[in-house]
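Here is a short briefing on one protein model. Please have the sequence and the coordinates open as you read.

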Amino acid sequence: MYHRTLEYYEMLHLISGAAGFIGSHLCDRLLEEGHTVIGLDNLITGSRRNLAQLNGHPHFQFIEHDVTRPIEVPGTFDQVWHLASLASPKEYLAHAIETLESGSTGTRNMLETARRDGARFLLTSTSECYGDPLEHPQAETYWGHVNPVGPRSCYDESKRYAEALTMAYHRSFGVRTNIARIFNTYGPRMALKDGRVVPAFLDQALHGEPLTIFGDGTQTRSFCYVADLVDGLVRLAASDERYPVNLGNPVELTILEFAECIRRLMGSRLAIVFEPLPEDDPQKRRPDIAKARRLLGWEPKVALEDGLRDTVAYFKSVAPAA
């Protein structure tokens with residue numbers, strides 16, 4: 001049982017997906033601010049290595065647990081964060097049922113914990129709620145263009161359902177909820193071979209392999225550094241905004257432009273190969289962050305190449321070039 005003492009206690013936080021890429025950085029941020037954190041993760045895609053820097057930390061506890069099962073963690077929480085999800089296409093396509101369960105049963109279990117304790121609750125949703133958008137850039141008022149039965153639907157619809165469930169708990173029970181729609185995020189602790197463009201390109205570049213582009217490379221993405229994203233999450237969790245808020249970088253690049261950025265960063269004219277575009281892959285992705293600027297005073301600060309340098313250094317440390 002965690003007891004509150006004025007010597008160290010600020011707030012008690014429960015984080016699902018704590019051993020994941022974003023979750024581990026959120027743990028770091030909250031502990032740096034003097035809070036106490038209990039992290040949950042079933043390690044299906046998360047890694048204990050992401051939390052190695054917190055080994056022995058007196059105000060952090062990690063529990064290996066699947067949040068689709070009942071949560072019986074001692075303590076009365078002030079803030080509940082639901083980050084548990086299989087976010088990369090490679091993983092959610094391989095674990096479609098688990099992905100749907102994380103968004104449905106997992107979300108409800110975390111919401112029930114928040115309801116029990118009178119805690120704040122934040123859901124990390126996704127830009128995939130917009131699908132392959134017909135509106136560009138994407139604002140929170142856009143309802144999306146999603147294939148509900150396509151191969152990516154296990155992820156897209158799990159998040160759309162999680163948003164609906166979160167709003168239902170707010171309306172029905174008065175839970176103080178927040179919903180973050182996260183756009184492409186990158187940085188240290190990403191999984192090397194998770195199928196997303198940043199780790200895929202950097203892994204290939206570090207091994208001197210051709211950069212693989214799916215489609216013709218004209219599809220666009222925007223890339224937000226993880227420290228900026230976590231700052232947005234913390235600001236959102238302290239706000240009274242109950243409807244979704246976009247968190248991402250509004251600087252838009254084509255995949256070909258991003259490949260050129262990787263070439264410059266690595267100082268190499270790596271070859272480029274083209275493969276067929278996966279089904280339902282979005283053609284355009286760029287957040288309208290006017291709402292986050294207005295309500296949270298938030299916008300990304302880390303330049304792409306600066307963030308990529310830190311990311312490359314991390315990848316070199318975990319997977320040295322052959």
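The points below cover a helix pair, the salt bridges and one lysine.

This is a predicted model. Helices α1 and α6 cross at roughly 65°. The salt bridges number 21.

**Helix α1 against helix α6**

- Helix α1 spans residues 21–32 and helix α6 spans residues 226–237. Their axes come within 10 Å.
- The crossing of α1 and α6 is right-handed.
- From α1, the contact uses F21, I22, H25, L26, R29 and L30. From α6, it uses V226, L229, V230, D231, L233 and V234.
- By type, the contact residues of α1 and α6 split into 9 nonpolar, 1 polar and 2 charged.

- R160 pairs with E157, with the closest N and O atoms 3.5 Å apart.
- Both residues sit in helix α4 (residues 153–173). They are 3 residues apart, so about one helical turn separates them.
- R160 is partly exposed at 29% relative accessible area. E157 is also partly exposed, at 24%.

**Salt bridges between distant parts of the chain**

- R181 and E163 meet in a salt bridge at 2.8 Å, N to O. The pair links strand β6 (residues 176–182), which holds R181, to helix α4, which holds E163. These two residues are 18 apart in the chain.
- R181 has 9% relative accessibility, under the 20% limit, so it counts as buried. E163 is buried too, at 8%.
- R286 and E252 form a salt bridge at 3.2 Å, N to O. R286 lies in the loop between β13 (272–275) and α8, and E252 lies in strand β12 (residues 252–254). They are 34 residues apart.
- R286 is partly exposed at 25% relative accessibility. E252 is partly exposed at 24%.
- Shared partners join R29, E33, D231 and R235 into one salt-bridge network. Of these, R29 also belongs to the α1 side of the helix contact, and D231 to the α6 side.

- The K291 side chain reaches the backbone oxygen of P244 at 2.9 Å.
- Leaving out residues up to four places away in sequence, K291 touches E140, E241, Y243, P244, V245 and L296.

Technical notes: Residues numbered from 1 in each chain as written. Predicted model: local features only at pLDDT ≥ 70, side-chain atom pairs only at ≥ 80, totals over all residues. Heavy atoms only, no water. Polar contact = N/O pair within 3.5 Å; in protein donor to acceptor, adjacent residues only side chain to side chain. Contact = heavy atoms within 4.5 Å. Axes fitted to C-alpha atoms, helices over the stretch in contact; angles between N-to-C directions. Helix = DSSP H or I, 4+ residues; strand = E, 2+ residues; numbered from the N terminus. Left-handed = near helix turned anticlockwise from the far one by under 90°. Nonpolar A, V, L, I, M, F, W, Y, C, P; charged D, E, K, R; others polar. Salt bridge = Lys/Arg side-chain N within 4 Å of Asp/Glu carboxyl O. Buried < 20%, exposed > 50% of the residue type's maximum accessible area, 1.4 Å probe, protein only.
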